[in-house]
Amino acid sequence: MRKSNDSGSTDNAEQKIPFLNDPKMRSIIYQIFTIGMVGLLGYYLFTNTVENLNRQSIATGFDFFDKEASFEIGESLIPYSAADTYGKALFVGILNTIKVAFIGIVITVILGTFLGIARLSTNWLVSKLAAVYIEVMQDIPILLQLFFWYSFFYDVLPSPREALEPMKGVFISNRGFVFAVPEGHPAYKYMAAAFIAGCIAAYFLRRWAKKRQEKTGQTFPVFFCSIAIILGLPLVTWLFSGAPHKMNVPELSGFNFQGGINMSPEFGALLLGLVLYTAAFVAEIVRAGIQAIIRGQTEAAMSIGLRPGQILNLVILPQALRVIIPPLTSQMLNLTKNSSLAVAIGFPDFVSVASTTINQTGQAIEGVTLIMVVYLCFSLLTSFFMNWYNKKMALVER
Amino acid sequence: MKLFKLCLVTAIVFAMSGVAFAGQTLDSVKAKGFVQVGVNGDLFGFGKPDEKGVWRGLDVDTARAIAAAVFGDANKIKYVPLTAVQRFTALQAGEIDVLCRNATQTLGRDTELGLDFVQPIYYDGQGFLVPKKLKIKRARELDGATVCVLPGTTTELNVADYFRTNKMKMKPVVIEQNAELNKAFFAGRCDCMTSDASQLAGVRAVAPKPDDYMILPDIISKEPLAPAVRHGDNQWKDIVNYSVLAMIEAEELGITSTNVDEMLKSTNPSIMRFLGVTPGNGKALGLNEKWAYNIIKQVGNYAEIFERNVGINTPLKLERGLNALWKDGGIMYSPPFK
C-alpha cells in the first residue's frame, strides 16, 4: 500500500516494481517456462513414440525380462544356460562388463602411474621409451587396437591340440589361456578369512604407527610389517590346515580344455586393448600432476634431509593427487564406456547381450534405454567413489 | 497470458506432429525418386558389391525388381548395408523402405516386430561349416565345440535349441560383423560356424582354401528368407510381394530377359495378362501396366537371378533343391496373375 502523504524519497523506494520488471519474478518465470518446455518436449517424445509403436503394432514394456532367452552366452561369472530368462542374460552381461572394467581400471592405474613416472625419469632411454609408447598408443583408435590384439590372439597362437605349455598346468592356444587352479578345499575359505583379518590388522597398525610418530617422532616400518601380516596370516592358516596342494589341471578333451580357469581370447584382447590404450592417457595425467608441483618443493624436502622415496611419498604425491584424480576419474569412465566396443570382437559384455536381446524381442527402445541407464549407473558410481576419494585427498589447509 | 498462449500453441503443434506419421510408402518412394533398400553388404551371393563396386546378389536383384516395378528403372535404388542387429530397427524407424537382407520369416518378427514378410526368395536351412581336418561327419559329434555365430539372428537361437535338445554343450563366439567373424573362424578360433546353409556356402567360397572346409549334411532348421516391409501399408506390401512373385511366375511361363520382347506378341492369355498386353494387373497394384515386363526385361526371371548369383556355376555352387519350381519338385509357387 502506498501512502500519498509520504515524502518523495521513501515514496520512490517503496514504489512497487511492475510485476514483469522485477528481476526476481522474471528469473522465476523463465525457469518455470524452461522446465515447462522441457517437460512438454519429454511428454511429446514419449506419447509420440508410444503412439507410433502402437500404430505399427510393436510390443512395448519390459515383460520380456521373464521370458526364456534361449540363446547361449560365451562366458559368464554365474551359471547360465539358454533356458534362463532375458533378465538373467542381461545380468550376466552386466557382470561381464564389470569384470573387464574393474580389472582394466586397476591394471591401467598401476601401469599408467609407472609410465608417467618413467616419462619423467632422468634416464634418457627410459624417458624416451615411455614417450614413444604414450604417443603411439594415444594416436591409434581403440577399435583398431582391439582388432589388432584379437587377431593377434587367434592368428599367432596355435590350436588347442597344439597348445603351448610354457610351464606345467598353463596352456596357451587360440582358445585362450588356461591355468591350473587349486582344487576346492575348505582350507581356502579359512585363508580368505585370514587375508581379510590381515588387511584389517594392517590398517590398525598403520593408524597406531602414525599416532606414535606424531607423538614421539619415531618411525615404524609399516609397509614391510603390513605385507608380512597380509601374506603371512593366510600362509600360516594354509600350513595348519594340512597344506592342501592338489591342483585342478586342465586337460584337453574333445574340442577344448576342461577344468582349470580359462581366459578367453576375446576377454584377453579387450582387456589388453583397453589397458594399453587408457594407460597412455593416465601416464600423461600422472606426469602433469607431478610436474604441477614446483621444483622448490623437492628442493626444500631435500634440504631437510628426506630420501627420494620419502620426497615422492610425503611431499610430491599428496599434492599431485589433487591434480591427478579428477582427470583420472574421467579416464576410468572412458575405459568403462570403451568396453562396449567388445561387441566388435565377440566378448559378451552388456551391450552385446542387450543387442541380441533387442534383436530377438524387437524392443529396441526399451533395450537402448536399459543400456543407457546401466552405463549411467556405472559412471555415477565411479564418479561418486572418486569424488569421495578426491575430497579425502584434498589438502587440509591449516 | 501471452506465455500461456505460447505454451498452448507449442503444445498443439507438438500434438499435431505426433499424429502426422509417415504417409503411404509408395508415395514417399515416388517423391524421393528411388527405393531405399536395406541389404547385407557383406554376404557373397546375396548382397555385396563386386570388385567394381556394383551391387550383386539374390537380395540385390530382388531390390532391383522392386525398383523396376515402381520406376521402370532397376537402378533407382539406394543401398543401405545393415548388420543383423540393425536391420529390423532400421525398417521400423522408416530409414529404409524394404529390407532385402537374408532375413528369416518367423511368427515373432511378423507380429511383435511390426513387420510383414512377403514371398520368400530363398528357402534355406541352418547348417554347420567345419574344417575338414577335425574329421567330423555329423552335427551330433560337435559336443563341447566352440561355435562362431552372428548375433541377433535366428541361427543364434536355433543352435542353442539344437545343442539343448541333444544334451550337448557349446560355447558361442558372437561377433557382429560378418567379415570379422569369418576371419576368426578361418584362423581357427571356433571349431565350427553355424548359419543358413546358403550363407555358409558363401563363407566357404571366400575362405583362403575353400577345399579345407565342408558343410555338414545336417540341416537343423527351416529358414525361409524373405523381404520384409513395415506392417500396415498393404499397398506397398502387395507391390513388394508381387515383384518377387512375378519373377517366379515368369519362370513358370517360360519368359526370360532375352525372350521377353518376343513374348509380347504371344497369344497365351496368361502371358498377355502378365506382361500387361491385357491391362489390369498394373492398375490393381497402383503401378504402370508394364511393371512385370520391366522386371523381367531388366532383372530376369527367378531361374536367371538364382543361377546368376548362387547357382551351380557360381562359387557358391548351390543346387535349386527346395527353391526349384513346384512342378520341378521344389516349393516355389506363384498364385495366378489375374
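**Figure 1. An open sheet of four strands in chain A.** The strand order is β1-β2-β3-β8 (chain A), and the pairing is antiparallel. Strands here are DSSP runs (E, at least two residues), numbered from the N terminus; helices are runs of H or I, at least four residues. Two strands pair if DSSP finds at least two bridges between them. β1 (164-167) and β8 (261-263) of chain A stand at the edges. Each has a single partner strand, so one side of each lacks a neighbour in the sheet. From one strand to the next, the twist averages 20°. The model is predicted: local features need pLDDT of at least 70, side-chain atom pairs count only at pLDDT 80 or more, and totals for chains, interfaces and linings use all residues. Residues are numbered from 1 along each chain as its sequence is written, while chains are lettered from A and ligands numbered from 1 in the order in which they are written.

**Figure 2. The hairpin of β1(A) and β2(A).** Two bridges join β1(A) to β2 (residues 170-173) of chain A, and the strands run antiparallel. A:L164 has A:I172 as its bridge partner. A:M167 stands opposite A:V170. Two residues lie between the strands. In this hairpin, A:G169 takes a positive phi near 85°.

**Figure 3. Helices α3 and α10 of chain A cross.** Two packed helices are described by the angle between their axes and the distance between the axes. The axes of α3 (residues 86-119) and α10 (residues 308-338) of chain A come within 10 Å and cross at roughly 140°. That makes α3(A) oblique to α10(A). Axes are lines fitted to C-alpha atoms, for helices over the stretch in contact; angles run from 0 to 180 degrees between N-to-C directions. Under 35 degrees counts as roughly parallel, over 145 as roughly antiparallel, 65 to 115 as roughly perpendicular, and the rest as oblique. From α3(A), A:A101, A:G104, A:I105 and A:T108 meet A:M332, A:L335 and A:T336 of α10(A). Contact requires C-beta atoms, placed from the backbone, within 7 Å. By class, this contact has four nonpolar, three polar and no charged residues. Ala, Val, Leu, Ile, Met, Phe, Trp, Tyr, Cys and Pro count as nonpolar, Asp, Glu, Lys and Arg as charged, and the others, Gly among them, as polar.

**Figure 4. A mixed open sheet of five strands in chain B.** The order is β10-β9-β11-β8-β12 (chain B). β10 and β12 (213-215) of chain B are the edge strands, each pairing on one side only. Neighbouring strands are turned by 30° against each other on average, direction ignored. Three bridges join β8 (residues 126-131) of chain B to β12(B), and these two run antiparallel. B:L129 stands opposite B:I215.

**Figure 5. Domain 1 and domain 2 of chain B.** Domain 1 spans 25-123 + 225-328, and domain 2 spans 126-221. The bounds come from an automatic or database domain assignment. Their C-alpha centres lie 29 Å apart. 17 residues of domain 1 are in contact with 16 residues of domain 2. The domain 1 side divides into 10 nonpolar, five polar and two charged residues.

**Figure 6. The contact between chain A and chain B.** Chain B gives 44 residues and chain A gives 42 residues. On the chain B side, elements supplying at least two residues each include α4 (87-92), α6 (154-165) and α7 (178-186). α1(B) gives the most, with six residues. By class, the chain B side has 20 nonpolar, 12 polar and 12 charged residues.

Definitions and conventions. Contact = placed C-beta atoms within 7 Å.
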